[in-house]
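Here is a short briefing on one protein model. Look at the fold before you read the points below.

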Amino acid sequence: MSALTVSAADEKRVKGMGFLNNKGTDNFNGRIITVNGKITAAQQRCIAEAAEKFGSGEVVFTTRLTVEVPGIPYDKIEEFQAFIAKEGLVTGGTGSKVRPVVSCKGTTCQYGLLDSYAISEEIHKRFYEGYRKVLLPHKFKIAVGGCPNNCVKPDLNDLGIVGQRIPEFDEDSCNGCKKCAIEKLCPTKAAKVVDGVLEIDKDVCNNCGRCVEKCPFDAIADGTYGFKIYIGGRWGKSVAHGRALRKVFTDKEEALSVIEKAILLFREQGKTGERFAQTIDRLGFENVEAQLLSDDILSRKDEILAAELHLKGGATC
Ligand code: SF4
Ligand code: SF4
Ligand code: SF4
């Protein structure tokens, strides 16, 4: 292992490009952005070739669905970038900015209530690529989960989206069966027959949609698809569970605009070095929720983006 001769300034510069120093050497891990954890076979071949040509020959997967190639010499960084660009791949994903989006496989999963790959790709384009130059108080992590099983832990991200299907219960069609099919299958025990009719406790129901079309008398013939949004989660040195906004969004554009408002709010009202969870604690959840449900902050978008803020944020990786 040769010693590090790259200057601190250059180390910082390439870190901003997604190249993290292999401790004590002049080699770097190149962090490749997979958009949402889904890459083509051709892209995989390209990464494998790049690993053999420029790196140690190994490819490592990060917990947040990026792919890193270790062992890239400092003076091969630009060549490495040009090589993977042939398959449309880029490096990045570091700094006090919007981080690469994490998605579950809700698109193909039997429980998926949304097209998680399509939505996470849209979020990537709008808020990872679109906000790549926007400095924030700290990193801002976004995850998209296809259903309340929460496999990608959306509620442990700064902002998490969870697919929903809100059951449409028709009381008039309910016979109050002695053995109710819905009561039996409801995983949260939100559904119960009380005084001869099914009742769904809205505070307990997580809108998993599993009861839709399962009543033999069509009392729940349909369900409305939607998005639940959690804010202020984090997992790492400190842990915070995100809290869900009270509104379940049934319009995708409205849900995506909440992400933009959250990023703008964090930039405008977050203190340099704090995570979104801390900003929310300081301002109060109800205050933040009210701002995210109104459009005031969007009207200040240009002003917020133009401000000189967070020139050195809190992220260390
Ligand atoms: S969160 Fe739901 S949709 Fe996503 S992988 Fe898990 S079970 Fe499937
Ligand atoms: S919801 Fe359906 S299965 Fe359950 S009690 Fe009503 S009619 Fe019977
Ligand atoms: S949507 Fe899920 S949690 Fe809610 S009542 Fe139906 S099965 Fe139960």
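H4 passes H6 in a right-handed crossing (right-handed if the near helix is turned clockwise from the far one by less than a right angle, left-handed if anticlockwise). This is a predicted model, where local features need pLDDT of at least 70, side-chain atom pairs count only at pLDDT 80 or more, and totals for chains, interfaces and linings use all residues. Residues are numbered from 1 along each chain as its sequence is written, while chains are lettered from A and ligands numbered from 1 in the order in which they are written.

**Helix H4 with helix H6**
- The axes of H4 (residues 116-129) and H6 (residues 252-269) come within 11 Å and cross at roughly 30 degrees.
- Axes are lines fitted to C-alpha atoms, for helices over the stretch in contact, and angles run from 0 to 180 degrees between N-to-C directions.
- Glu122, Ile123, Arg126 and Phe127 of H4 meet Leu256, Ile259, Glu260 and Ile263 of H6 (in contact means C-beta atoms, placed from the backbone, within 7 Å).
- These contact residues divide into five nonpolar, no polar and three charged.
- Ala, Val, Leu, Ile, Met, Phe, Trp, Tyr, Cys and Pro count as nonpolar, Asp, Glu, Lys and Arg as charged, and the others, Gly among them, as polar.

**Helix H2 with helix H3**
- The axes of H2 (residues 41-54) and H3 (residues 77-85) come within 10 Å and cross at roughly 160 degrees.
- H2 and H3 are therefore roughly antiparallel (angles over 145 degrees).
- Their crossing is right-handed.
- Cys46, Ile47, Ala50, Lys53 and Phe54 of H2 make the contact with Glu79, Phe80, Phe83 and Ile84 of H3.
- Seven of these residues are nonpolar, none polar and two charged.

**Around the ligands**
- The residues around ligand 1 include Cys104, Cys109, Cys147 and Cys151 (near means a C-beta atom, placed from the backbone, within 6 Å).
- Also around ligand 1 are Gly106, Gly112, Gly145 and Gly146, among others.
- The ligand 1 shell has five nonpolar, six polar and one charged residues.
- Ligand 3 is surrounded by 13 residues, and the closest are Cys186, Thr188, Cys205, Cys208 and Cys211.
- The ligand 3 shell has eight nonpolar, four polar and one charged residues.

**The whole chain**
- The protein chain has 10 helices and 11 strands (DSSP runs, numbered from the N terminus: helices are H or I with at least four residues, strands E with at least two).
- Its C-alpha atoms fill a box of roughly 75 × 40 × 30 Å along the principal axes.

Terms used. Parallel < 35°, antiparallel > 145°, perpendicular 65-115°, else oblique. Contact = placed C-beta atoms within 7 Å.
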